[in-house]
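Subject: Structure handover

Hello,

Here is the structure I said I would pass on. Please open it alongside this email, and then read the notes below.

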Amino acid sequence: MDLQGPGASRTHDATAHSDDTHPDDTAEHHRAALSDSGAGSHLADPVARAAGPRHRPTPPAEIPRPLRIASEAVARMLVIAAGLALLVFLVIELRVIVVPMAIAVLLTALLAPLVRWLHERRVPRGIATALVMVGGLAALGGLLTAVVSTLVDGTAQVVAEVTDNVGSLQGLADATPFRIDVGVLGDQVLQAVRDNQQTLTSGAVTTAATVGEILAGFALCLFALIFMLYDGRRIWGFVRLLAPRARRSRVDVAARRGFASLVGYVRATVLVAVVDALGIGLGLWATGVPFVLPLAALVFLGAFVPVIGAVLTGAVAVLVALATEGPVTALIVLGVVLAVQQLESHVLQPLLMGRAVRLHPLAVALGVAVGVVVAGIAGALLAVPLLAVLTAAVRSLVASREVAPRAVDPLRPREANPPPALPGCAARPAAQGLRWDDRDVRYLVTGATGYIGGRLAPRLLGRGPEPDLVPDPSAGPVHVRCLVRNPDKLADVPWAADAEIVQGDLLDPGSVRAACEDVDVVYFLVHSLSDSDFAATDRRAALILGEAARAAGVRRIVYLGGLHPDTPPGGLSAHLASRVEVGETLLRSGVPTVVLQAAVILGSGSASFEMLRYLTERLPLMITPRWVRNQIQPIAVRDVLRYLVRVAEIDAPDAELNRTFDIGGPEILTYYDMMQRYARVAGLPRRRVVPVPVLTPSLSAHWINIVTPVPKSIATPLIESLVHEVVCTENDLKGWVPDPPEGLIGYDRAVELALSRITDGEVETRWSGATVENVPSDPLPSDPDWAGGDVYLDEREQPCNATPERLWTVIEGIGGERGWYSFPLAWSVRGWMDRAVGGVGLSRGRRDPHDLRTGDALDWWRVERMIEPGGPRPAGSDCGPEEGLLRLRAEMKVPGRAWLEMSVRPRPGGSIYHQRAVFIPHGLAGYLYWWSVAPFHGIVFGGMVRNITRTAERDDDGPAPASRRPAWLRSRPQRDRAA
């Protein structure tokens, strides 16, 4: 497309060059033409220019292209060399600052994991840093004291032993053809050391020429180390701002991988040094060589200087053994040194370094040599760690695809290398989107029975209420496949006929592989909320899905995770850390993955919104924990769905999209602000909030379990996430998915939309739609009497004068605000008992006051099967054409499995209501439970039969509005419909 306009096009045509002409040729030609004196005078005279055509000068002889390319390469190399020379010069000049800072970074890599370990065990970071620093200084001081004390106490003895061994050494020397005088040789060596003392210690003198510089360097190193351990992440967050904004994320990842490599190097080197010191020290002790502790300490320090350090310190140990104990002992010590060094090079280094540090031996040798030349002993110490960091960083920068910065833990050495190019990924075009061919785009939605998945699937199909929230029509037809464990749960949703519903389990590799076949985009929208093993379950599901997606050639995975602060996983709650781990697992799967991270999602039926709503409506005065003052960036569910739809359509290189994106609404609030503004939008008085420091997340979850419909199992992860401040740290996704013209939905507007949906009874999905963990989920056996074990039944039937349709309306409207048509106190007490032991109780209510679907939560029940009179019959159903069936499965805490069936069938002049309660006990507790509640069945279940049929008969005098309450409840005060 021409963006220059007609005039610009004509100019371009006048200077265009052919395809086989190098661009520099044209530029060179124009420069020569403009530098010609005739051309210059011609251009200076407009009259002369108008009088006739300009005379074109003859271009100079063309420089051969290979020579020009070579000269350009040489020029670039000279610029790079000059930059490196300047850098080396600055390092040498500023060595008093650079060397202590570099040593501080090395010590940070060594000690930071220990600070994190303490911090993960509830030790405040400042105290953890202090403990590590004090412990390290105490260990160093103790070691130095022991070394100095040993040297002072043993010097006289060593001198005597050396004197005694001079004769034996002289005899050994006389036996050689060289006739060496040992005494004269010793005097000459001592004199040479005295004469060249300054040269021999030039490395140390270069690093710190005076005692003052040594002390200053030590103080600077100690000061920097304290702040790097305590506040290293914030320091790096500031330093990374120096990188160009477009490459900042990639530079951040490269730096994290470089530091991970440094952590691996330092950790492995320390372990190797300890093994070397112990091995050689034990050999010296066993052979009776003096100065065992000083020599072992020297070996330990020498291990930090690769190649030459181990050789020199081993040689010193052998020489001490030779001078004090004689040649035989020296040979034994030499064998010990060689054995330990062979163990180090062939076993310890490959085992401990692993893949975190991958350097060729030649690179190590050259690095040490250059380090010695540039900075003496300090240069030899720092050369190899610097090479390890640079190698990991460069490998990350040149990788074809990388993850987001938060997916890389800089304190884990295994993070030093980018994810490998797995089979099937390298052949993927770098800048190609989803439309590789002319066939339709295929989506796989997991979690389609949950809150987000149940709203995303219809929007992908173009069946959502928002006309603008549909996939891009230019991408072609859309095919949506939903992977669910129980397809019956989607049987009644209005969009089910347009989707492909497949049965499977994310923990079953076979069903996941089958579901991923011929799919372009996979949405991973599941998260376990069980009380145990949820992290392992989610991790396994993510691994299975990632492997299946890679094998099937899926082009993109989209995962909705949780927004979290930039802290190590150990500093997060267990559920939030699990979401981070799932995102990292998918990012490493080999399939380009977009991880969207959201905080509180505002929408009708979401658990976060329901918790906020009930707390605000039911408690005008609240005693709250301190986390209500933490900052949160909530987002409307409509904006979440828009991001989910649009990120699947982004046409961008895989490496740029394989990362996390923070998503949030336009406002940053506290939970206190959210409650007050909810009260204002809902027309409630201002709430009084008293924060106290004693309410732990566990106590808060228990309180929410009592006050709101959200059970403790779901309230706990919600509250644990609110303990952190969850605010977006970047908005990079806006570069690919711009905000709508009207902007993102603000908090007040999101609350208004949610309340209007609740008031109008148009809640699409609820948090309770997901399957509750740790409850029986098997369907009712077709013949309970032969299901295995004892089965208890309570079966009742009663004729009704109402039509089957009218009776069915009453049955379908049961539960929630209408109650259960008998003994409300007994139902309430049983619900409170269930909530007290962590169950769901009666407060879940229902998604819609009038409409039920298979899979809906209904107080403590779940709709397992629903067949309307005159509606479609599922395969294998024994219901007649005019019969109806509602089967509910209990999700309360009960020692067994329980169902409640309500059915209707026509009869002349009316209908027949049939009710059956089924209980299959589990263990002795199950039997005791049944017989303890059996005496109340006549009141509870018998009352249900009578009141349901009476309500249908009383309402059968004409078409009643759907919102009309049952006759037996009309005398009771109505609750707010929005509740």
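A term to start with: helices here are DSSP runs of H or I with at least four residues, strands are DSSP runs of E with at least two, and both are numbered from the N terminus. Please keep in mind that this is a predicted model.

**The whole chain**

By that definition, the protein chain has 31 helices and 19 strands. The chain holds 979 residues, and 46% of them are buried.

**Two helix pairs**

Two packed helices are described by the angle between their axes and the distance between the axes. I picked out two pairs on that basis.

Start with H18 and H19. Helix H18 covers residues 509-516, and helix H19 covers residues 534-552. Their axes come within 9 Å and cross at roughly 40°. That angle makes H18 oblique to H19. The crossing of H18 past H19 is right-handed. On the H18 side, the contact is made by Pro509, Val512, Arg513 and Cys516. On the H19 side, the partners are Ile544, Leu545, Ala548, Ala549 and Ala552. By class, this contact has eight nonpolar residues, no polar ones and one charged.

Now H17 and H22. Helix H17 runs over residues 453-460, and helix H22 over residues 637-647. The two pack at an angle of about 55°, with their axes 10 Å apart. H17 is therefore oblique to H22. Their crossing is right-handed. From H17, the contact takes in Arg455, Leu456, Arg459 and Leu460. From H22, it takes in Val637, Leu641, Leu644 and Val645. Six of the contact residues are nonpolar, none is polar and two are charged.

**One residue to look at**

Go back to H19 and find Arg550, which lies in that helix. Is Arg550 buried, exposed or partly exposed? Its relative accessible area is 28%, so Arg550 counts as partly exposed. The cut-offs matter here: buried means under 20%, and exposed means over 50%. Then look across to Cys516. Arg550 and Cys516 are 34 residues apart along the chain. Their C-alpha atoms are separated by 9.1 Å. Cys516 is also one of the H18 residues that meet H19.

Best wishes

Notes. Residues are numbered from 1 along each chain as its sequence is written. This is a predicted model: local features need pLDDT of at least 70, side-chain atom pairs count only at pLDDT 80 or more; totals for chains, interfaces and linings use all residues. Side-chain values use heavy atoms; hydrogens and water are left out. Axes are lines fitted to C-alpha atoms, for helices over the stretch in contact, and angles run from 0 to 180 degrees between N-to-C directions. Angles under 35 degrees count as roughly parallel, over 145 as roughly antiparallel, 65 to 115 as roughly perpendicular and the rest as oblique. A crossing is left-handed if the near helix is turned anticlockwise from the far one by less than a right angle, and right-handed if clockwise. Contact means heavy atoms within 4.5 Å. Ala, Val, Leu, Ile, Met, Phe, Trp, Tyr, Cys and Pro count as nonpolar, Asp, Glu, Lys and Arg as charged, and the others, Gly among them, as polar. Buried means under 20% relative accessible area, exposed over 50%, partly exposed in between (1.4 Å probe, protein chains only).
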